[in-house]
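Opening the notebook on a new model today. I'll jot down what I look up as I go.

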There are 2 protein chains.
Amino acid sequence: MTALAAASLAGSAVAETPAAQTTAAAKSAVPLTETPALPFDPVAEAARQWRARGWIEAVDGMAAVTSLMRAHQIVLSAVDVVLRPMGLTFARFEVLTLLSFTRTGALPLSKLGARLQVHPTSVTNAVDRLAADGLVRRERHPSDRRAVLARITGEGRVLAARATQALNAEVFSGPAGLDSAQCRELVAAIAALRRGAGDFS
Amino acid sequence: MTALAAASLAGSAVAETPAAQTTAAAKSAVPLTETPALPFDPVAEAARQWRARGWIEAVDGMAAVTSLMRAHQIVLSAVDVVLRPMGLTFARFEVLTLLSFTRTGALPLSKLGARLQVHPTSVTNAVDRLAADGLVRRERHPSDRRAVLARITGEGRVLAARATQALNAEVFSGPAGLDSAQCRELVAAIAALRRGAGDFS
DNA sequence: GACCAATAGTAGGAAGTCCTACTATCTTGT
DNA sequence: ACAAGATAGTAGGACTTCCTACTATTGGTC
C-alpha cells in the first residue's frame with residue numbers, strides 16, 4: 001500500500017497519459033504491474049484531505065511517509081526487473097556486493113547485519129539462499145564459536161560483478177528519470193531522516 | 001536490506017553515540033530493532049566504493065536507491081509501532097482511511113488498488129483481513145457482477161479515527177525528527193521520481 | 001573461579017509484496 | 001448477435017521483513 005489518495009474523485013474519468021508511460025519505459029524495461037497512471041497525484045490528494053480535516057501539523061509528515069512507501073515500491077520493482085533474470089534479489093545483491101568489497105571476502109553474519117542494517121534473521125535468510133546457490137559459503141569463525149562467517153565464492157564474485165554492472169547501467173544511472181542533482185537532493189533529505197532515526201554517527 | 005556499506009572499516013571501533021538514540025527515542029517510543037548506530041553513514045561509504053571503482057555515473061542513483069530502501073524501513077517501523085497495538089498495519093490503515101474518506105463508505109477493490117497503487121492481490125489480502133476483524137464488509141457491486149465492494153463498518157470508522165489520530169501525533173508530526181521543510185523537500189524529490197515512473201499525470 | 005549478562009545465530013510464525021495462472025463477467029467490433 | 005478482448009477478483013506460491021523465543025558461547029564482575 002502506498003498512497004492515501006482521496007476517493008472524492010471516484011467518478012472522474014481516468015486519462016490514459018501515454019506520455020508518462022513512455023518516460024517510464026525508457027528507463028526500466030517493463031513495469032511489473034503497469035498501474036494505469038492516475039490523473040492526479042494521490043499524495044497531494046491525501047494532503048488535501050488532511051488539511052481539510054484540520055490536521056495541519058501532520059500534513060507534511062503524512063505526505064513524506066506516504067511518498068516514501070511508494071518510492072520504495074517503485075525502485076524495488078525497477079531493481080527486481082534487472083536482478084530477477086540472474087536469480088538475485090536486492091537483499092541478496094547487497095550481501096554479495098558487501099562481501100565482494102571486503103579484503104578477505106568474508107564477514108560474520110552479525111557484521112553483515114550491522115552494515116546492511118537489517119534484522120539478524122533477515123541475514124540468516126539471505127545467506128542461506130545465497131549458499132544454496134553456491135554464491136557464498138558458510139564457515140566457522142576462527143576464534144568465536146558462536147559466530148558464522150559468510151564467504152563469497154568465485155561464482156559469487158562473478159555474479160556480483162555482472163549484477164552490479166547491470167544495475168549501474170539500467171537503474172542507477174537515473175532511477176525513474178531522476179538526474180544526478182535530483183538524486184542528490186533525495187539522498188540529502190533522506191540522510192537527515194536516517195540520522196534522526198539513529199542510523200549512524 | 002538497505003545500505004551497501006563498505007566493509008573496509010570492519011576493524012574500526014563502533015561508537016555508542018547515545019545522542020542519536022535519544023533523538024530517535026524522542027519521536028518514536030521504541031525502535032523495533034535497535035541497530036547500534038554505525039560510526040559512519042553506510043550510504044556515503046557505498047558511494048565512496050562506487051566512486052573508487054569508477055562507476056561515476058551510477059553513484060548518485062545507487063545512493064538514492066539505497067537511501068530509499070532504508071528510509072522505507074525506518075518509517076514503516078515507526079508506523080508499525082503505533083499501529084500494532086490497534087491490530088492494524090500501514091497497508092490496512094491506508095485501506096481503512098481511504099474508505100472513510102469516500103462519500104458512500106464503499107469502493108470496488110479495483111478502485112482501492114488504483115488509488116493505493118498496489119497489486120490486486122494485495123488489495124484482496126488487506127480487505128480479507130480487515131473483513132475478518134469486522135472493520136470492512138464485502139458486498140456485491142450493484143451493477144457489475146465481477147466487482148466486489150469493500151464497505152467500511154462503524155467499528156472500522158472508529159478505529160480509523162483512532163489510528164489516524166495516533167499516527168498524526170506520534171509519527172506524522174515530524175517523522176524521525178524531520179521538520180516540515182525537510183518533509184516537503186523529501187516529498188518534492190520523490191514526486192519527481194513518482195512522476196517519472198508513470199504514477200500519475 | 002563461578003555466575004550472570006550480553007552477543008551470535010537459528011527456528012517458527014505472521015504479514016506484506018509481487019507474480020503467474022485461471023474464472024467470471026463486461027464491452028466492443030464486425 | 002456473437003466472438004474476441006479487456007477487466008475484476010481469487011488461488012497458490014515465492015520472497016522479504018520483522019517478531020518472539022531459544023540455544024550456544026563469551027566475557028566481565030565479585
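**Sheet and helices, then one methionine**

I began with helix α4 (residues 90-101) of chain A, which lies across β1, β2 and β3 of chain A and runs at about 85° to β3(A). Helices here are DSSP runs of H or I with at least four residues, strands are E runs of at least two, and both are numbered from the N terminus. Angles run from 0 to 180 degrees between N-to-C directions, with axes fitted to C-alpha atoms, for helices over the stretch in contact. Helix α5 (residues 109-116) of chain A also packs on the sheet; α5 touches β1 and β3 of chain A, and its direction makes about 90° with that of β1(A).

Bookkeeping: this is a predicted model, where local features need pLDDT of at least 70, side-chain atom pairs count only at pLDDT 80 or more, and totals for chains, interfaces and linings use all residues. Residues are numbered from 1 along each chain as its sequence is written, while chains are lettered from A and ligands numbered from 1 in the order in which they are written.

Next I checked the strand order: an open, antiparallel sheet of three strands, β1-β3-β2 in chain A. Pairing takes at least two DSSP bridges between two strands. β1 (106-108) and β2 (136-140) of chain A are at the edges with a single partner strand each, so one side of each has no neighbour in the sheet. Five bridges join β2(A) to β3 (residues 148-152), and A:Arg137 sits opposite A:Arg151 in β3(A).

Last, I looked up B:Met62, in helix α3 (residues 56-83) of chain B. B:Met62 touches A:Phe172, B:Ala46, B:Ala47 and B:Trp50, leaving out residues up to four places away in sequence; contact means C-beta atoms, placed from the backbone, within 7 Å.

Notes: Contact = placed C-beta atoms within 7 Å.
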